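Try each task before you read its solution.

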Amino acid sequence: MAIDITRKRREMESKIQETRVLQLTLKILMIVGCWPPDSWTSFRKRTMYNAYTVFVILLLFTFMLAQLMDIIFNVDNSDEFADTFYIMLAMVISCCKMTGLLVNRKNIGTFTDILTEKPFIPLETDEVQIRRKFDRTIYNNTLYYTILVEMTCACIAVISLFTDFRKGNLTYREWTPYNYSCRIVFYVIYTRQLISSTFGSMVNVACDSLICGLLLHICCQLEILECRLRKISLGRSNLRECVRQHERIFKFALLVNEKFKVIIAIQFIVSTLVVCSNLYQLAKVTLDAQSFPLVLYTCSMLTQILIYCWYGNEVKLKSVQLAPHIFGVEWLSLDKSIKEGMILIMKRALVPIEFSSAYILTMNLESFVSLLKTSYSAYNILQQKQET
């Protein structure tokens with residue numbers, strides 16, 4: 001019987017290891033040039049993909065610089081500033097995330113490998129079900145978030161085609177060192193803007209879904225740990241392995257926060273400024289078809305920062321709930337050494353796992369509310385200055 005159980009565990013481990021976590025997220029990373037396909041191992045294919053990555057980088061940075069130069073050289077009033085500022089900030093965060101993803105390309109591979117190795121790998125059927133539940137949640141969240149963001153980009157593009165394009169205007173303001181009154185030049189710049197904004201949105205989706213997916217996997221590991229702790233009284237789990245897993249979960253969370261803390265901090269700052277800028281614009285326009293993209297863009301930006309705060313809050317709650325769940329174990333049937341080990345885990349669980357943006361703001365729902373309050377306060381200041 002013991003041999004059969006061991007054989008089944010090894011078969012289950014091999015199946016889990018063959019399945020890479022965050023599959024949809026990695027595909028989006030592949031599209032934006034941050035994750036080369038595993039099958040592209042030859043030098044020629046790797047060179048082609050690196051050239052594609054450089055092409056995406058040039059699209060993002062040239063678009064961002066053109067808007068920055070527009071603010072420096074062409075903007076004369078607050079309305080023109082607001083028209084350029086909100087999309088320039090979106091491109092700034094896209095460039096920062098693209099840089100962060102490329103710098104952490106090896107770390108991303110390390111994170112996914114860690115989640116398919118011991119002690120994180122599921123060993124029994126109930127643990128596999130827990131992993132599948134979280135994998136399904138990550139997949140659905142990534143899919144719905146991608147649909148929301150790309151639907152916003154599509155809406156902006158369609159409305160621009162029926163309004164700006166017919167008038168010979170670009171979708172977004174930008175500084176150009178040459179005259180684009182020639183139709184061919186105008187078509188090239190217009191198309192380049194739409195492609196750049198689409199790639200910028202995909203980079204945001206890739207980075208956001210990656211970070212939030214890792215947060216959900218931390219929640220998954222905490223739930224698997226709870227499952228294993230309940231089996232200790234039945235003799236189906238090893239306390240030493242549980243203590244080791246709990247320690248590895250904390251180290252994994254610390255490593256994720258360390259590698260992405262700068263991106264998270266920039267995201268908080270940019271989200272505050274964008275929400276403030278969009279509120280300022282929405283207060284001046286009438287709600288019609290042309291203002292609909294701005295409403296969608298504001299919703300996308302709020303969703304972007306909400307998912308960081310929401311799942312950061314989930315990790316915190318899941319980590320502190322581990323100690324109360326240990327009380328559900330059959331303590332009377334445990335040996336003294338096992339009880340001491342359980343108490344050790346409980347003491348460690350009293351310190352929550354918290355993600356922070358450069359150690360300034362923690363990622364929880366209170367921070368999201370604070371961001372909204374800050375944005376609204378800044379909006380009120382702009383309104384008062386505008387009235388005076």
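Helices here are DSSP runs of H or I with at least four residues, numbered from the N terminus. Keep in mind throughout that this is a predicted model.

**Exercise 1. Describe helix H8: what does the helix span, and how many of its residues are buried?**

Solution. 
- Find the ends: H8 covers residues 183-230, which makes 48 residues.
- Compare the spans. From first C-alpha to last, H8 reaches 70 Å, close to the 70 Å expected at 1.5 Å a residue.
- Now turn to burial: 39 of the 48 residues in H8 are buried, so the helix is mostly covered.
- For the setting, the chain has 13 helices and 2 strands, and 49% of its 388 residues count as buried.

**Exercise 2. Find the largest cavity and work out what lines it.**

Solution. 
- Begin with the count: there are 2 cavities of 30 Å³ or more.
- The largest cavity has a volume of about 260 Å³.
- Of the 19 residues in its lining, Ala90, Val149, Ser201, Asn204 and Tyr297 are the closest to the centre.
- Then trace the elements. Helix H4 (78-103), helix H6 (125-162), H8 and helix H10 (292-320) each give two or more residues to this lining.
- Sort the lining by class: 11 residues are nonpolar, 8 are polar and none is charged.

**Exercise 3. Which residues line the second largest cavity, and which classes do they belong to?**

Solution. 
- The volume of the second largest cavity is about 30 Å³.
- Its lining consists of Glu226, Leu229, Arg230, Leu322, His325, Ile326 and Val329.
- By class, the lining of the second largest cavity holds 4 nonpolar, 1 polar and 2 charged residues.

**Exercise 4. What share of the contacts with a separation of 6 or more joins residues 24 or more positions apart?**

Solution. 
- Among the contacts in the chain with a separation of 6 or more, 79% are between residues 24 or more positions apart.
- To finish with the surface, the chain exposes about 19,600 Å², and carbon and sulfur atoms supply 62% of that area.

Technical notes
Residues are numbered from 1 along each chain as its sequence is written. This is a predicted model: local features need pLDDT of at least 70, side-chain atom pairs count only at pLDDT 80 or more; totals for chains, interfaces and linings use all residues. Side-chain values use heavy atoms; hydrogens and water are left out. Buried means under 20% relative accessible area, exposed over 50%, partly exposed in between (1.4 Å probe, protein chains only). Contact means heavy atoms within 4.5 Å. Accessible areas come from the Shrake-Rupley method with a 1.4 Å probe; for residues, only the protein chains shown count as cover. The expected span of a helix is 1.5 Å times one less than its number of residues. On a 1 Å grid over the protein atoms alone, a cavity is a set of points where a 1.4 Å probe fits but cannot get out, and a pocket is an open set with protein on both sides within 12 Å along at least five of seven lines; lining residues have an atom within 4 Å of a point. Grid points are joined across faces, edges and corners, and a volume is the space filled by probe spheres set on the points. Ala, Val, Leu, Ile, Met, Phe, Trp, Tyr, Cys and Pro count as nonpolar, Asp, Glu, Lys and Arg as charged, and the others, Gly among them, as polar.
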